[in-house]
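User: I am new to this structure. Please take a close look at one part, the surroundings of the ligand.

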Amino acid sequence: MEDCIFCKIIRGEIPSIKVYEDDEILAFNDVNPAAPIHILVIPKKHINSLADMKPEDEKLVGKIYGVINKIAEDKGFKDEGFRVIVNCGKNGGQEVMHLHFHILAGKQLGEKIV
Ligand code: AMP
């Protein structure tokens with residue numbers, strides 16, 4: 001997607017601090033962290049939102065959860081715990097229309113909604 005900022009990050013047109021990368025998935029630090037550790041994990045394939053994923057994307061999304069666990073292990077916050085958030089669409093507060101998984105860690109997180 002030409003104008004998608006996360007696609008630009010994938011292409012290296014916008015700088016990012018990369019945490020993990022393979023042929024299908026990229027993870028990088030959120031530019032406006034909401035916790036001491038705030039990492040975004042995205043598929044390299046452009047999918048607008050969770051609501052736009054197709055049945056053929058299910059394997060990829062499952063792999064993303066595996067990558068999230070790997071990052072938690074590698075960065076040393078797996079045992080302390082962390083939160084994964086996917087904002088979806090207008091009511092979900094999604095601002096960047098490229099499916100992404102927020103990993104928040106490094107402190108006791110507040111504002112628990114569910
Ligand atoms: P959401 O509200 O779920 O769409 O989250 C979008 C996230 O992308 C926000 O937490 C932003 O801080 C983050 N973000 C936006 N632009 C960039 C960027 N260039 N590099 C890293 N994170 C970004």
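**The ligand and its surroundings**

The largest pocket is the space taken by the ligand. A pocket is an open set of points on a 1 Å grid over the protein atoms alone, with protein on both sides within 12 Å along at least five of seven lines; a molecule sits in it if more than half of its atoms lie within 2 Å of its grid points. This is a predicted model, in which local features need pLDDT of at least 70 and side-chain atom pairs count only at pLDDT 80 or more, while totals for chains, interfaces and linings use all residues. Residues are numbered from 1 along each chain as its sequence is written, and side-chain values use heavy atoms, with hydrogens and water left out.

Around the ligand are 16 residues, of which Asp30, Asn87, Glu95, His100 and His102 come nearest; such a residue has a heavy atom within 4 Å of the ligand. α1 gives three residues to this shell, the largest share.

Polar contacts (pairs of N or O atoms within 3.5 Å) can be listed by residue. A polar side-chain atom of His100 lies 2.7 Å from a ligand oxygen, and a polar backbone atom of Glu95 is 2.7 Å from an oxygen atom of the ligand. For a polar backbone atom of Gly93, the distance to a ligand oxygen is 3.3 Å.

Gln94 is found in the loop between α3 (89-92) and β5 (101-105). The residues Gln94 touches, not counting those up to four places away in sequence, include Asn87 and His100, where contact means heavy atoms within 4.5 Å. The side chain of Gln94 also reaches the backbone oxygen of Val96 at 2.9 Å.

How values were computed. Helices (H or I, at least four residues) and strands (E, at least two) are DSSP runs, numbered from the N terminus. A polar contact is a pair of N or O atoms within 3.5 Å; within protein, one must be able to donate a hydrogen and the other to accept it, and residues adjacent in sequence count only if both atoms are side-chain atoms. On a 1 Å grid over the protein atoms alone, a cavity is a set of points where a 1.4 Å probe fits but cannot get out, and a pocket is an open set with protein on both sides within 12 Å along at least five of seven lines; lining residues have an atom within 4 Å of a point.
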